[in-house]
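I opened this entry to follow one part of the fold and see what surrounds it. My notes are below.

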Amino acid sequence: MIKKSNIHLSPEEIEKLIDQEFLTKFPYTFLETFSILPLKDAPGKILIATDDMSKVDAGEIEQFTGKKVSFVQVDRQLIQNLLKKHYYNPASSQKIIQELSRDETILDETLPEQLPANNGDLLDLANQAPIIRLVNQIFYRAILMRASDIHLQSLEKFLKVRYRIDGMLHDVLTLPAKYQPAVISRVKIISDLDIAEKRVPQDGRTTVRVEDKQIDVRVSIIPTFFGESAVLRLLDQSTYNFGLNELGFSEDDLVKFDRLIHYDHGIILLTGPTGSGKTTTLYAALSRINNPSIHIVTLEDPVEYQLDGINQIQINPKVGLTFANGLRSILRHDPNVIMVGEIRDRETAEMAIQASLTGHLVFSTLHTNDSTSSITRLLDMGIEPYLIASSVIGIIAQRLVRLNCSKCAEPVTYPDELLREIGLNPATSGYNFKKGRGCDVCLHTGYHKRTGIFEFLEIDDDIRNFIMTQVSAGEIRRHALQNGLRTLRMDGARKVAEGLTTISEVLRVTQET
C-alpha cells in the first residue's frame, strides 16, 4: 500500500493520477535514473512518487514546474513499470504530437533559433542535444505507434514528418523549413552517410533501441527541389514470427499452398505491388519448410529479416552481385530450396526456370496486378512458353487490407448496391458486417493491423496447355474462374462478410473489370 498523509492509495489508484502529457514534460532518462513518477495533485501542487526521497531535490522540481512538491514512497519496480507503460503511451502519442506541431513555442524550446550556414557548423548542430532529442522522439513515436516507415518530406516552408501506419500515411508533425538541414544531417550521421553530399541519392542503415526492442532502420535519402527528403523503413526483428496460418489464407488455399511448398521442384510466384506483403509470405513459407534435412538459400534486395538456419545473400549490383549472377553461384552450393527476391529481367527468369527444372524448389516475386498476368509478364520477357508451362506450379497474387479495430468495431449495414459491387448477395443472410468506430487503440482510424487477401492460381494441365498455345491471360482467367479461382476481391468480400474488414478497404486495394 502507498501512504500520503492519512490517504491510502492502491497501485491502480496511483496509475489513475498519472497525467501522460504532464509526465512527458520531464526527460525520460531523468525519471528512469532517479525512479521518479510525477502525479497529478491539487492545483498548484504535484505529488512525486519515488522509492527514495533522499535522492530527489524538491527545490529543483519546484523550480522546474512552478508548483509545490510533496512526496510519496512507492516500490521502485512499480515506478519503472508505470514509466514504461505511460511515458511513450502509443494511445496518446498522436494527440501529443499534434499539440507539439501546433505550438511554435515548444519547437523554439526544442531547437536552436539560429542555424549555421556551412557544413562544418551543420555537423556540430546535428550532434547538439536538442536535435538529437528531436530525432529520437520522431523514432520513439513511430515505433510506439506501430509505423512501418518514417517520411521526412522537405517542402518550401516546412519539413513534414509522416508515419506510415497499417499501410496509410499520417501527417504527425510539421517543422519550419529552417530545421530541415539539421534533422536530415542527424539522420545521415546515425546512418553513416556523407552529410556534405546533397546532390545524389544515398542509402544507409542504422539500429535504434527502444526498451528491449532492437529496430533495424533502412534509410533512403534523395535530393528534391526544396532540399533532401528521407524515408526510413523500420524493421522490428522481435516482431517477425508469422506463420502461414496467420497471414489470412482461407482454409482451402492454405491447404493447397502448404502442399505446393513441400514439392521438391518447381517455381512458386508471389505477385503484387510494393508493400503488398509478398516478402512476409515468402518468409512464412520458408520458415514452414525449414528443417535440418534441406538447404535453403535466398537472394534478397535487401535482406529485411534474419531467418534462423537459412543462408541469406544481400544483392550488391555495384560489385556485380545481381540476382542472375547470385543465382548462378547458388546452384553450385547444393541447395534444395532457393528464394529469389524478385524476377526483374529475362536472365534472372531463365536462371530461376533452369534451377526448377534441375530439381530445385524456387520461390520468387513479380510485379503484376493479378495471378494470370504473371504468365503474360514472363512471356513478354522472352521466356519460351514450354519452359513456363513445365516449371511454374503456382502463382499467388496478394494485397493487404486493414483489419477492423477489435476494441471499437461495431455492427454496420451496407447499401445493396455496395454489396453487389463487392460481389455479395444482398438477399443472403448471416453476414457479420462490422466497422471500427475509432478509439485510442487504433488512433481513431477504426483500423488496427492488417491481413492479406489472396488470389491462388494453381497451374493444372489445362492451364499448361493454354500457356503452350499462348492463350491470352483473359482466357486463362475465365477458365480458372470456372474452376473455382477466388479473386482478390472475392477473398476480400469473404473477410468483409466475417466482420474482419470493411467494403471500402477491399475496394481501395482491388481493381476488377
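I looked up helix H13 (residues 323-330) in this predicted model. H13 lies across strand S13 (296-300), S14 and S15. Its angle to S13 is about 165°. Contact here means heavy atoms within 4.5 Å. Axes are lines fitted to C-alpha atoms, for helices over the stretch in contact, and angles run from 0 to 180 degrees between N-to-C directions. Helices (H or I, at least four residues) and strands (E, at least two) are DSSP runs, numbered from the N terminus.

Next I checked S13. Is S13 enclosed or open? I found that 5 of the 5 residues of S13 are buried, so the strand is largely enclosed by the rest of the structure. Buried means under 20% relative accessible area, exposed over 50%, partly exposed in between (1.4 Å probe, protein chains only). Ile-296, Thr-298 and Glu-300 point one way from S13. Val-297 and Leu-299 point the other way.

Then I listed the partners of S13. Two strands pair if DSSP finds at least two bridges between them. S13 runs parallel to S14, with 4 bridges joining them. There, Val-297 stands opposite Asn-311 of S14. S13 also pairs with S15 in the parallel sense, over 4 bridges. On that side, Leu-299 has Val-340 of S15 as its bridge partner.

I followed Val-340 onward. Val-340 also stands opposite Ser-364 in S16. Strand S15 (residues 337-340) and strand S16 (residues 361-366) run parallel and are joined by 4 bridges.

Which sheet holds these strands? I read an open sheet of 7 strands in the order S14-S13-S15-S16-S12-S17-S20, with mixed pairing. Its edge strands are S14 (311-314) and S20 (447-458), each pairing on one side only. Neighbouring strands of this sheet are turned by 20° against each other on average, direction ignored.

Last, I stepped back to the whole protein. I noted 21 helices and 20 strands. Buried residues make up 47% of the 513 residues. Among contacts between residues at least 6 apart in sequence, 62% join residues at least 24 apart. The protein exposes about 24900 Å², and carbon and sulfur atoms supply 49% of it. Accessible areas come from the Shrake-Rupley method with a 1.4 Å probe; for residues, only the protein chains shown count as cover.

For my own reference, residues are numbered from 1 along each chain as its sequence is written, and side-chain values use heavy atoms, with hydrogens and water left out. The model is predicted: local features need pLDDT of at least 70, side-chain atom pairs count only at pLDDT 80 or more, and totals for chains, interfaces and linings use all residues.
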